[in-house]
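Subject: Structure handover

Hello,

Here is the structure I said I would pass on. Please open it beside this message while you read.

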Amino acid sequence: MRRGRRKFDDDDADFVKTGKLEPALAEDPDLPETGDRWSTWDGALHGPHPRPDWVRTEYGAVDTELGMLKTGKEADVFLVRRAVPETDKISMIAAKRYRDGDHRLFHRDAGYLEGRRVRRSREMRAMTNRTAFGKELIAGQWAAAEFGALSRLWQVGQEGGTISVPYPVQLIGTELMLEFIGDWETGEAAPRLAQVRTDRDGLEDLWRQMTDALSVLARTQIAHGDLSPYNTLVHEGRLVIIDMPQIVDLIANPQGAEFLARDVRNVASWFTARGLTVDADGLIERLSYEAGLL
């Protein structure tokens, strides 16, 4: 990355790396001979059908951590190879591990949490008061919200092809495992939209893909909540929306229309700064109508 370039919204350069898988010990019969741990597929909440062929469901698969992809205030993301030993059955996964109550959690989270409810009043009070127990609940809720949103949007993308998100492989507690978007051979992640440099035709195509994705979100009556060129990837010309824990229900959240408008203005300003003429106000009005807000 170039010196002086803005960090991702949730980057925290001073945070000490946490959450790494414990290395396997050869003398421990409960651990695999290679890799860091057995696959955690068994017992996890699984992603939607039709499941991609590359998803490894074998109980004998082994997870090997290859390094950190991203560190932030809310979660760390690690690159994990899941493979069946002595075969060519391999998948590359981004393991997103949300912070527990002992670490800094979501900034500006109060607005996002509006419209989300839990069944027990005790849990709701704990979340509202940000007790240690409440913070644990919030971390789990963020992970579950992102898993649910990705599952829903991935299915919509398969049916209509107008939005692309990583396939959500599984969820266990506050660890969300996703399709790794990038080069599976080198482990290099796809660039953020903010890093992409292209000609006018390329910009117009990316803007078309962005407006298509925003339209899908609106018709599904949700907003990303924090959409920007820093949480959108471009892989082989395809725009991929990522980082969706703060997903907003446009109907249940009283600030839903504001989140929708902010998402549009955040991405529109990036395209405008690169010379593309876009009608942000017109797009906001159309999306609000599609979402049933007008």
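Predicted model: local features only at pLDDT ≥ 70, side-chain atom pairs only at ≥ 80, totals over all residues.

Residues are numbered from 1 along each chain as its sequence is written, and side-chain values use heavy atoms, with hydrogens and water left out.

The sheet

Seven strands make an open sheet with antiparallel pairing, in the order β1-β3-β4-β5-β7-β6-β2. At its edges are β1 (37-38) and β2 (45-46), each of which pairs on one side only. Strands here are DSSP runs of E with at least two residues, helices are runs of H or I with at least four, and both are numbered from the N terminus. Two strands pair if DSSP finds at least two bridges between them.

Strand β4 (residues 75-83) runs antiparallel to β5 (residues 90-98), and nine bridges join them; R81 sits opposite M92 of β5. On to β7: β5 pairs with β7 over five bridges, again in the antiparallel sense, with R97 opposite E175. Four bridges join β6 (residues 168-172) to β7, and P168 has L178 as its bridge partner in β7. The strands β6 and β7 form a hairpin with two residues between them, and G173 in that turn has a positive phi of about 60°.

Strand β7 (residues 175-179) is largely enclosed by the rest of the structure, because five of its five residues are buried. Buried means under 20% relative accessible area, exposed over 50%, and partly exposed in between (1.4 Å probe, protein chains only).

Backbone features

Most residues other than glycine have a negative phi, and most peptide bonds are trans. H49 and P50 are joined by a cis peptide bond, with omega about 0°; P50 lies in the loop between β2 and β3 (62-71). Q221, not a glycine, has a positive phi of about 65°. Q221 is in the loop between α4 (200-219) and β10 (222-223) and counts as partly exposed at 34% relative accessibility.

E236 also is not a glycine and has a positive phi, of about 55°. Its loop runs between β11 (232-235) and β12 (238-241), and at 75% relative accessibility E236 counts as exposed.

Regards
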